[in-house]
2 protein chains.
Amino acid sequence: MARKRKNESGAHGNLDLRAVILAGGSGTRFWPLSRKKRPKQFLSVISKSSLVEDTAGRLKGLIPPSKIYTIAVASQTRVLKKLLPVLPEKNFLVEPEARNTAPSLVLATAVIYLKNPEAVVVALPADHFIEEVEEFRRKLLLAARIAHASRKIVLFGIPPDSPSTAYGYIHVSSRDREELDGEKFYRVRGFREKPDLSTALEFVQSGEYYWNSGIFLWRADAFAEHLRDFVPEIFSAWIKLLPALRNNERREVRRIFQEIPALSIDYALIEKVHGALMNPGDFGWSDLGSWGALYEYLPADESCNVSRDRLIPIDARNCLVFNPGKLTALVGVEDLIVVNAGDALLICRRDQDQKVRELVERLKKEGPDYL
Amino acid sequence: MARKRKNESGAHGNLDLRAVILAGGSGTRFWPLSRKKRPKQFLSVISKSSLVEDTAGRLKGLIPPSKIYTIAVASQTRVLKKLLPVLPEKNFLVEPEARNTAPSLVLATAVIYLKNPEAVVVALPADHFIEEVEEFRRKLLLAARIAHASRKIVLFGIPPDSPSTAYGYIHVSSRDREELDGEKFYRVRGFREKPDLSTALEFVQSGEYYWNSGIFLWRADAFAEHLRDFVPEIFSAWIKLLPALRNNERREVRRIFQEIPALSIDYALIEKVHGALMNPGDFGWSDLGSWGALYEYLPADESCNVSRDRLIPIDARNCLVFNPGKLTALVGVEDLIVVNAGDALLICRRDQDQKVRELVERLKKEGPDYL
């Protein structure tokens, strides 16, 4: 009982687990619900709360609010402070500009390193969905222990359920793994960026490839060592960043931040590191990368229509409708995505939701005010 | 030249032609654009002006504003006065309650009879569309002359282009007709209410059946004679109505109005009259009875999409979109009717637009506030 109480407060023996929620994204794959000024992580598409609130909420009792950080640009940080009022003011890390995840995570890890070099950082995208929260929490804690004990970077790889060409793949081998509390941790052999369909098919059939979830764990000090050993150009920024942060030299921090290449942390660091470990993240993960993905995770009526708003279907099937606060009547239609938000309405065949990207490209030229 | 100027002022020899625009309808076939408080005749679906404005506009130069009347209940009359400011205040006839077209036209004809018993009344539904306006005007004038000279009721019958089961049909015979200025006027043999499909098919193939357009002409005094000869129960109301109107006894007028059966003028009078005349109304008439009908009359883009609002189609075809003031993006869809209006959105397969009626019936029970 005493142990349980200790766990709920977020203490796990020597383990000082801290979360960094990457909340700076600006995708428009949920257009027209998501807009430049209201990116996906701020939308309430799965529950009544926003995706970033859900992301923080999954950590409740596992990591105390004092050890949960967000990182985003200033304008997004203002929104984050309203959505996550339990986090301490200083935990809302502000990135001087949006420069992809490598600069963000170097900065966040440096902030945490100054608190405790042995702390384990878990980097969490703000806009993903996890269906089996208890399983995720159990695995997260095990992965953190492994990251702490091994000083290795630990990743969650998602067992692929289709030959998707939209994800990066992690390559592992079943001959090369270790176990902790019955959990398998595979040594990462390599990464493969978004493959073509036939390659993706081979990957899935081989059983040796997992989707890269974007959830990573590392000890802060091990992170620095990896930079030193594998990415010296970023390590030089790191060693300047620590005193600038310690002395609260904001202009200097900004200058150093802008020195770091605007790359993803996957590409800048993780793919270069030898010996990273992967655990199969079979906890119902989705990056909610499209309207169609959302359709899979929301409860449907007896005609397989999904809507959280008032819906009257007449001979209508398999539709996803977002029309907040309004009534939608569907007559004789099927397999549609219908999204009515503000000054724009999208009607899209469900199997063509990847074309929303093409649409957004057209809007950049023909109607940027609608983005 | 002098004669032309005379015509433009609306004078046609002895002919005193006056129009009664039946503007009291409350249909919801254009839901969700049309609502209880904003019926179809007030919508701008074809041009930038409302259908009732278009109806009055077609008479310009043919009938002077002083001889154009509207009839509707008080609440609708307030809207009509704003839409048709050139009409004299007293020409906005107010019906005490909505009781179908027979009471309305008895009242309006009585008002006109008191001005000039020999005047010819043309009854015009406020919410129809006519594509070939000049041809309509030419025929209207000829029909008025025939109505004046013959004292008969004159109708326009629409040459059917499909075996519609939504219209009433007028039965005529080619052996039984007269001509005026080269125009054929057929003696009406009978009326057939909305037939079943196989009957409608026979009608269309026979060449002897026309759709009832709801556009009727009569001399005011002949109208009274027809009531006397064929509908004595309405004639008794008529003879009380004249002095009540002359003396401006509003409560008495209301009382008499409510005595008149709440029937259509077709059913109450025209179908009972012997010797009515029909002219083929081949001037591009449509009652705009459904969203699909509207699709036929509005200009389409190269992919056959119809929208007067901002539309971005990607692999989208044959869609009708109403989304006033907003952007609509269509991706991979075809043959849809999309109407976004206020608190309700309709997505309907174009060939199932008749189910909007079923939808409206459901709304009466499940969501009357949306009507």
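Two strands pair if DSSP finds at least two bridges between them.

Before moving on, note that this is a predicted model, in which local features need pLDDT of at least 70, side-chain atom pairs count only at pLDDT 80 or more, and totals for chains, interfaces and linings use all residues. Residues are numbered from 1 along each chain as its sequence is written, while chains are lettered from A and ligands numbered from 1 in the order in which they are written.

**Stop 1: across to chain B.** Click on A:Leu330; B:Ile347 is its bridge partner in S17(B). Now select strand S17 of chain A, residues 344–349: this strand pairs with S15(B) in the parallel sense, over five bridges. There, A:Ala344 has B:Leu327 as its bridge partner.

**Stop 2: the chain contact.** How many residues of chain B are in contact with chain A? The number is 30, and they meet 30 residues of chain A. Contact means that the C-beta atoms of two residues, placed from the backbone, lie within 7 Å. On the chain B side, S17(B) gives the largest share, six residues. Elements that each supply at least two residues include strand S16 (336–341) and helix H12 (356–366) of chain B. By class, this side has 17 nonpolar, six polar and seven charged residues. Nonpolar covers Ala, Val, Leu, Ile, Met, Phe, Trp, Tyr, Cys and Pro; charged covers Asp, Glu, Lys and Arg; the others, Gly among them, are polar.

**Stop 3: back to S15(A).** Show its side chains. A:Leu327, A:Ala329 and A:Val331 point one way, A:Thr328 and A:Leu330 the other. In a regular strand, side chains alternate between the two faces of the sheet. Five of the five residues of S15(A) are buried, meaning that 20 or more other C-beta atoms, placed from the backbone, lie within 10 Å of a residue's own. Within chain A, S15(A) also pairs in the parallel sense with strand S13 (residues 310–314), over five bridges; A:Arg310 is partnered with A:Leu327.

**Stop 4: zoom out.** Colour chain A by domain: domain 1 is 2–286 and domain 2 is 291–370, with bounds from an automatic or database domain assignment. Their C-alpha centres lie 30 Å apart.

How values were computed. A residue is buried if 20 or more other C-beta atoms lie within 10 Å of its own, exposed if 12 or fewer, and partly exposed in between; C-beta atoms are placed from the backbone. Helices (H or I, at least four residues) and strands (E, at least two) are DSSP runs, numbered from the N terminus.
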